[in-house]
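Subject: Structure handover

Hello,

Here is the structure I promised to pass on. Please open it beside this email and follow along.

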Amino acid sequence: MAVNPVINISISQGADFSETFVSTEANGSTSNLAGFTGASSMRKHPSASQSTNFSVAIISSTGEVSIGLASTLTAALKPGRYVYDVKLVSPGGGVSRLVEGQVNVTAGITTG
């Protein structure tokens, strides 16, 4: 896999959230993620004890990795800045970071 990029994302409080990333190799080709698993979370800062875990889905043949949060989870987030990353584990146990960056949680206005 190529060097992990920094991609900042925005989450609307109280709304469903999803974002898809594509894993590529150093030569630009799409990564084959057969057998890979993933994990992703966000925290207020890297050493914060509390975190929110994203769901992670991998489409191995296209190198796509999607993260998501249901509206019930985003409703519980406080507006502000956070950090996140997406880690992948190969079938052999190697761990790599696909992407990392900041999360901006924007306040919800409409209720009900």
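In which strand does S10 lie? S10 lies in strand β1. Strands here are DSSP runs of E with at least two residues, and helices are runs of H or I with at least four, both numbered from the N terminus.

Some ground rules. This is a predicted model, in which local features need pLDDT of at least 70, side-chain atom pairs count only at pLDDT 80 or more, and totals for chains, interfaces and linings use all residues. Residues are numbered from 1 along each chain as its sequence is written, and side-chain values use heavy atoms, with hydrogens and water left out.

**The sheet**

Five strands make an open sheet: it has 5 strands in the order β1-β8-β7-β3-β4, with mixed pairing. β1 and β4 (52–53) stand at the edges with a single partner strand each, so one side of each has no neighbour in the sheet. Two strands count as paired if DSSP finds at least two bridges between them.

Take the pairs in turn.

- β1 (residues 9–12) and β8 (residues 95–106) run parallel, joined by 4 bridges. Here S12 stands opposite T106.
- β7 (residues 80–89) and β8 run antiparallel, joined by 10 bridges. L88 has S96 in β8 as its bridge partner.
- β3 (residues 37–43) and β7 are antiparallel too, over 7 bridges. S40 faces V86 in β7.

β7 and β8 also form a hairpin, with 5 residues between them. In that turn, G93 has a positive phi of about 100°.

**Around S10**

Back to the edge strand β1. S10 touches F17, N104 and T106, leaving aside residues up to four places away in sequence. Contact means heavy atoms within 4.5 Å. The S10 side chain also reaches the backbone oxygen of N104 at 3.4 Å. S10 and Y82 are 72 residues apart in sequence, yet their C-alpha atoms are 10.0 Å apart in space.

G80 is in β7. G80 touches K44, V103, N104 and V105, again leaving aside residues up to four places away in sequence. From G80 to K44 is 36 residues in sequence and 8.5 Å in space, C-alpha to C-alpha.

L98 sits in β8. At 8% relative accessibility, L98 is buried. L98 and F17 are 81 residues apart in sequence and 19 Å apart in space, C-alpha to C-alpha.

S23 belongs to the loop between β2 (17–22) and β3. S23 is buried, with a relative accessible area of 1%. The side chains of S23 and S31 make a polar contact of 2.8 Å. A polar contact is a pair of N or O atoms within 3.5 Å; within protein, one must be able to donate a hydrogen and the other to accept it, and residues adjacent in sequence count only if both atoms are side-chain atoms.

**The largest pocket**

Which residues line the largest pocket? They are M42, R43, K44, A48, Q50, S51, T52, L77 and Y82. A pocket is an open set of points on a 1 Å grid over the protein atoms alone, where a 1.4 Å probe fits, with protein on both sides within 12 Å along at least five of seven lines; lining residues have an atom within 4 Å of a point.

Best wishes

Notes. Buried < 20%, exposed > 50% of the residue type's maximum accessible area, 1.4 Å probe, protein only.
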